[in-house]
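Student: I would like to work through this chain by question and answer. Can we keep it brisk?

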Amino acid sequence: FGLIGIEDLNVKGMMANATLSRAISDIGFYEFRRQLEYKTALSGGTVVVVGASARASDELPEQPPARR
């Protein structure tokens with residue numbers, strides 16, 4: 001994919017929830033994001049981080065036509 005949009009999650013706020021905290025701490029959101037950005041850059045793509053309160057369509061740049 002040439003353009004990937006991900007939501008910037010409030011992990012600290014989610015960790016306050018006792019039900020979610022264990023599952024969230026096991027996932028490693030930071031490592032996932034780091035790897036995604038690294039591997040996307042290697043393939044010539046872009047990762048756009050969208051704020052949690054914004055709609056993705058408001059912040060994503062215009063996409064060039066897909067290459068085949």
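Student: In what order do the elements of the chain run from the N terminus on?
Tutor: Keep in mind that the model is predicted. The chain has four helices and two strands. From the N terminus on, the order is β-α-α-α-β-α.

Student: What percentage of the residues in the chain is buried?
Tutor: The chain has 68 residues and exposes about 5700 Å². Carbon and sulfur atoms supply 54% of that area. Buried means under 20% relative accessible area. By that cut-off, the buried share is 13%.

Student: Which element gives the largest share of the lining of the second largest pocket?
Tutor: This pocket holds about 180 Å³ of space. Its lining consists of Ile6, Glu7, Asp8, Leu9, Val11, Phe29, Tyr30, Phe32 and Arg33. Two elements, β1 (3–8) and α3 (29–42), each give two or more residues to that lining. The largest share, four residues, comes from α3.

Student: How far does α3 reach from its first C-alpha to its last?
Tutor: Helix α3 has 14 residues. The expected span, at 1.5 Å a residue, is 20 Å. The model comes close to that value, with a reach of 20 Å.

Student: Which residue just after α3 takes a positive phi?
Tutor: Helix α3 covers 29–42. Just after this helix, phi is about 85° at one residue. That residue is Gly44.

Student: Is Thr40 buried or exposed?
Tutor: Thr40 is found in helix α3. Not counting residues up to four places away in sequence, Thr40 touches Ile4, Gly45, Thr46 and Val47. Its relative accessible area is 6%, and the cut-off is under 20%. So Thr40 is buried.

Student: And Asn10, is it buried or exposed?
Tutor: Asn10 sits in the loop between β1 and α1 (11–15). Its relative accessibility is 51%, and the cut-off is over 50%. Therefore Asn10 counts as exposed.

Student: How many Å apart in space are Asn10 and Gly51, C-alpha to C-alpha?
Tutor: In sequence, Asn10 and Gly51 are 41 residues apart. In space, C-alpha to C-alpha, the distance between Asn10 and Gly51 is 9.5 Å.

Notes:
Residues numbered from 1 in each chain as written. Predicted model: local features only at pLDDT ≥ 70, side-chain atom pairs only at ≥ 80, totals over all residues. Heavy atoms only, no water. 1 Å grid on protein atoms, 1.4 Å probe; cavity = no way out; pocket = protein on both sides within 12 Å on 5 of 7 lines; lining within 4 Å. Points joined across faces, edges and corners; volume = space filled by probe spheres on them. Expected span 1.5 Å × (residues − 1). Buried < 20%, exposed > 50% of the residue type's maximum accessible area, 1.4 Å probe, protein only. Contact = heavy atoms within 4.5 Å. Areas by Shrake-Rupley, 256 points an atom, 1.4 Å probe, with all protein chains shown as cover.
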